[in-house]
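The sequence and structure come first.

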Amino acid sequence: MIIDVSKWQGVINWDSVNGAIDGAIIQCGFGDDITSQDDPYFLRNIEECNRLGIPYGIYLYSYANSKAHAESETKHILRLAKKCKLSLPIYIDIEDAVIRANYNAQYFIDMGQAIEDAGYWFGYYCNEDWAKNVIKNSLDRFTSWIANYSRKPSVPFDIWQYCSDGSVP
């Protein structure tokens, strides 16, 4: 089991979590490359995973609805990725309404390429509706993390998020 961790979980007792999970995907922040948009628990969470040897990846919640915004988000991810010892991908969380209205796959293809060029593994996160009706096949070259809380997704995926209310010790 891989857990999704962000500020919404607060201060995590990683010693208790260790052994109950196979890894974590930790939110590094959201939007533009502004330090106030870093997740306030990000550094603590990666330091604890490093200390305990818990495999982890990171993700950024995206609002990228322009090329400049996508470039700023890429810088945000890369600034924080430098602090990590990643063993799982870097994901971009694509689910905000500002993106749906004007989805441009090229922004995320360019982001993925820049992140891969920096030596990281890139993927995207969305729910099944987004995968089918917005993203379609436009990001197939990247790994995918798809959410569907009622059943296994009918779209290709590498990681399936099957609940939003799970818990571990």
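Which side chain meets that of Glu48 in a salt bridge? The partner is Arg51, at 2.8 Å from N to O; a salt bridge is a side-chain nitrogen of Lys or Arg within 4 Å of a carboxyl oxygen of Asp or Glu. The model is predicted, so local features need pLDDT of at least 70 and side-chain atom pairs count only at pLDDT 80 or more, while totals for chains, interfaces and linings use all residues. Residues are numbered from 1 along each chain as its sequence is written, and side-chain values use heavy atoms, with hydrogens and water left out.

**Salt bridges**

- The whole structure holds eight salt bridges.
- Glu48 and Arg51 are about one helical turn apart because three residues separate them in helix α2; helices (H or I, at least four residues) and strands (E, at least two) are DSSP runs, numbered from the N terminus.
- Glu48 counts as buried at 16% relative accessibility, whereas Arg51 is partly exposed at 47%; buried means under 20% relative accessible area, exposed over 50%, and partly exposed in between (1.4 Å probe, protein chains only).
- Arg79 pairs with Asp33, the closest N and O atoms being 2.6 Å apart.
- That pair links distant parts of the chain, 46 residues apart: Arg79 is in helix α3 (residues 67-81) and Asp33 in the loop between β2 (23-30) and α2 (42-52).
- Arg79 is partly exposed at 24% relative accessibility, as is Asp33 at 29%.

**Helix α6**

- The buried residues of α6 (residues 128-135) are Glu128, Trp130, Ala131, Val134 and Ile135.
- Their cover includes α4 (97-101), β5 (122-127) and β6 (143-147).
- Asn127 caps the N-terminal end of α6, with a side-chain oxygen 3.0 Å from the backbone nitrogen of Asp129.
- Just after the helix, Lys136 has a positive phi of about 50°.
- Glu128 forms a salt bridge with Arg151, at 3.1 Å between the closest N and O atoms.
- Glu128 is buried at 6% relative accessibility, while Arg151 is partly exposed at 41%.

**Nonpolar packing**

- The largest nonpolar core has 44 residues, of which Trp14, Ile92, Ile94, Phe108 and Tyr124 touch the most other members; such a core is a set of buried Ala, Val, Leu, Ile, Met, Phe, Trp, Tyr and Cys residues joined through side-chain atoms within 4.5 Å.
- A second, separate core of six residues includes Ile25, Tyr91, Tyr125 and Trp145.

How values were computed: Contact means heavy atoms within 4.5 Å. A polar contact is a pair of N or O atoms within 3.5 Å; within protein, one must be able to donate a hydrogen and the other to accept it, and residues adjacent in sequence count only if both atoms are side-chain atoms.
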